[in-house]
Each structure stands twice: as C-alpha cells, then as structure tokens.
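Please take a look at the model first, and then we can go through it together.

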Amino acid sequence: MFRPLSFYIGLRYTAAKRRNHFISFISLTSMLGLMLGVAVLIIVLSVMNGFDRELKQRILGMVPHATIQGASGPLEDWEEIDRRVQEHPRVLAAAPFIQGQGMVTGGGDVRGVMLSGIVPEQEATVSIIENHFIEGNLDELKPGEFGIIIGRLMANSLRLQVGDKLTVVLPEASVTPAGVLPRLKRFTVKGIFSVGAELDGNYALIHMDDAARLMRTGGRAEGVRLLVDDLFAAPRVVNQVAQDLGGRYYVSDWTRTHGNLFQAIRMEKTMIGLLLMFIVAVAAFNIVSTLVMVVTDKTADIAILRTMGATPGRIMRIFIIQGAVIGIFGTLMGTALGIFGALNISGFISWLEGLMGHQFLSADVYFISYLPSQLQWQDVAIISSAGMVMSLLATIYPAWRASRVEPAEALRYE
C-alpha cells in the first residue's frame, strides 16, 4: 500500500467522487473563493504599487525633489549657489528657476497656470519632461523670443498648436497713463508635452530670462531646484545643503508639496490590502464547513480505520491533508490568475476604454490618466503564503473532530 497512509487516504478523499454532491459543491466553491480572493488581492496591490510608482516617476519627475530659495527675495548670486549645491555628494543635478502663478488665454478660453522660468540645458538634468514631448523640445526656448511650452490638456482646452499665440496674465497690476492694468505678455507656443498627469493642464515652461523680465526679478533666479539620489532623503539633504551654504535660505521639498498624496496612496494600499485579506480569510475558512461535512459523511469510514489500528493523530493528518489540498490548489490557481491579471490589467482597461469610448481616469480629475500596475514579487509571496497558512489553520478543528470519533458510537447504527 502507498505510504504514508494518511497522505494516500487524504488524497483519495479529495479526488474521489462522493455520494454527497453538496459536499463536492462546497469544496469547489471554497477553492474558487480562495482563488478569486488571492487573485483580486494581487491585482489590487499591483495597481496600488503602480500608482505609487507613477507618483514617484511622473509627478515627482516634473516637480522639484527639493528647492532652495532666498529668504528675502530672488538669489543675488544664484550661479555660485548652483555650483556649490552640485558639489554635495547626494545631489545629482541642480537647476535655477523662477516660478509664478497666473492665467493664460487663448482660443477664447482661460486657464490657471503655474509658470516656470527655466534654463533649458539645465532643466533637462533635473526633470523628465524631455522624454515626454509630443511636439518641440526644450531647446526651442530662446531668451528674448518669449516662447512657451504647455501641456497637452492645456493645448486642447485652449485649442492651441505649436506656433499659435497665447497671452499670459499675471495677478499684478501696472500703473500706466491709461490707468491700472494687469501685467500681461503674448507668448508663442514652442512645444507641447504630455506626462499623463494633472500637470498637463496647469503647468507651462518659459525661458528664465523671459520670466525674469516678466516678473521683474532683475535677471536673478528665484531659487535652485535639486535632484537628489534618494527621494526619501530629500528633506534631510536640502537642509544639509542650506547649512553648508551659510546665510539665510528658505528650503522646501516634495513632501510639503505632494507628500499628502503619497501618504494617502500608502495608507490606501495598506487598508485595502487588509480588507481584501479578510476576503481571503473567509474563503479559506470555508474549508472548515467543507471538512466538517466530510467528517460527518465519513464517520463510518473513520470508525473502521480506528478499529483497524489507525491512531487519532493519523486520522487528524488525513483531514488536514484533504483541506490542505483544497487550500494549496486554490491559492496556487489564484496566484497564477493574479499574476496574469496584474501584468495585463493596464492593457485591458485601455482596450475597454477604446471599446466603450469613455476614459475612466481623466487627468482633469485624477493625477494620472491611465491605470498603472506594477507587480511586486514580495507581495505575491506574502499573499500566497498567507493564503496557504490560513487554509492549513482552517483544517485543524475539523481534523481534530475527526480524530475524536469513537468507533463504537459511530458503528452502533451501521
């Protein structure tokens, strides 16, 4: 006979066609529930990982990791500060900027805008925008030409193309012989970018010399933005840099501008993971009801095995193996389905959007315009292990009940 005996009988009980089809149905639903719970948990956590990645790569690739600004106005010697900042071992690159808020008008429409004055050759070292141009590039921004680069959503809203004119209006008034008028300037669209985020609708770039003239900073930079080697070390690094520079400076970093969004995604991933783990737990503990009914159905068989010399421990192992087979197969199938879904969910949602003609994630509402997914094998290992462990725990009580069956009582009415 096949050895060990507990393993042989446990597998036979699992594979055999039972007289009680209801028990077979409950076993199947337990396995399917566990499979779907594991698969959904892997897919959802992969999507949350994708949002986390996009926040780091796209949003934080466009906005500064950290900035150093003058405490009382524009930096008088920004070239020297820029040079000294880049000497820090944890600063990968630095670039000057002038930033302001205003409105842009064109095509009969008006939008709010965050206007950033840059030095093109240096901006390419601290920003990912160079990789996301639809038309044009940073080199199109020439000092004195008053060119502007805008996002795709802004271009669509204002019905603008490369070469078209738009007007930038600043929230500052100028006193003229005609009265008090807002400060405004005509710009020519030199390029259009798309990073698939909300920045496509409210962010624009101009040359720093033009920004200095428009915002009257006297040719001085408002501050210097930093690209650091470790995103999470940015607050510490920028403070160290400011101390090394000496003097009075105002420092900021991404945790102040976008930290709440990042923390929200982290918290949502944790909470959703815990909630979905309860679904896996419910599916796993359905094995309890399945095995309890199997024990009831097999009471006579258990009694016969006991009279033939099977110990309570061997009887217990038989039903642990039977429940473990259901749990392991359900978890493995759910893991395979979850991996397949996580790797293809982005393409599927894009196909579904094209089929329905509706965009589920609009950049006007959400910070990215598509559903990202990033499969992390650490999550897969944790979820699969948790599913198997909960499945094994669910077998203990029914198996213990089976081991407590008394042969004389069970065979009295047989």
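Asp 229 is partly exposed, at 42% relative accessibility (buried means under 20% relative accessible area, exposed over 50%, partly exposed in between, with a 1.4 Å probe and protein chains only). This is a predicted model, in which local features need pLDDT of at least 70 and side-chain atom pairs count only at pLDDT 80 or more, while totals for chains, interfaces and linings use all residues. Residues are numbered from 1 along each chain as its sequence is written, and side-chain values use heavy atoms, with hydrogens and water left out.

**Salt bridges**

- The structure holds six salt bridges, where a salt bridge is a side-chain nitrogen of Lys or Arg within 4 Å of a carboxyl oxygen of Asp or Glu.
- One of them joins Asp 229 to Arg 90, at 3.2 Å from N to O.
- This pair links distant parts of the chain, 139 residues apart: Asp 229 is in the loop between β9 and α8 (234-245), and Arg 90 is in the loop between α3 and β2 (91-106).
- Arg 90 is partly exposed, with a relative accessible area of 24%.
- Arg 83 and Glu 80 are three residues apart in helix α3 (residues 78-85), so about one helical turn separates them.
- Arg 83 is partly exposed at 41% relative accessibility, Glu 80 is partly exposed at 34%, and Glu 87 is exposed at 53%.

**A buried charge without a partner**

- Which helix holds Asp 210? Asp 210 lies in helix α7.
- Asp 210 is buried yet has no salt bridge, and the nearest side chain of opposite charge, Arg 213, is 4.9 Å away (Lys and Arg count as positive and Asp and Glu as negative; His and the chain ends are not counted).
- Leaving aside neighbours within four places in sequence, Asp 210 is in contact with Lys 142, Pro 143, Gly 144, Glu 145, Phe 146 and Gly 147, contact meaning heavy atoms within 4.5 Å.

**A negative surface patch**

- Glu 121, Glu 130, Asp 139 and Glu 140 form a negative surface patch.
- Patches are made of residues with over 30% relative accessible area and no salt bridge, like charges being joined within 9 Å and nonpolar side chains (Val, Leu, Ile, Met, Phe, Trp, Tyr) within 5 Å.
- Glu 140 is found in the loop between β4 (133-135) and β5 (147-151) and is partly exposed, with a relative accessible area of 34%.

**Positive phi angles**

- Most residues other than glycine have a negative phi.
- Arg 159 has a positive phi, near 55°; Arg 159 is in the loop between α5 (152-158) and β6 (165-176) and is exposed, with a relative accessible area of 56%.
- Arg 216 has a positive phi of about 60°; Arg 216 is in the loop between α7 (208-215) and β9 (223-228) and counts as exposed at 55% relative accessibility.

**The chain as a whole**

- The chain has 14 helices and 10 strands; helices (H or I, at least four residues) and strands (E, at least two) are DSSP runs, numbered from the N terminus.
- Of the 414 residues in the chain, 49% are buried.

Note on methods:
Areas by Shrake-Rupley, 256 points an atom, 1.4 Å probe, with all protein chains shown as cover. Charge placed at Lys NZ, Arg CZ, Asp CG, Glu CD.
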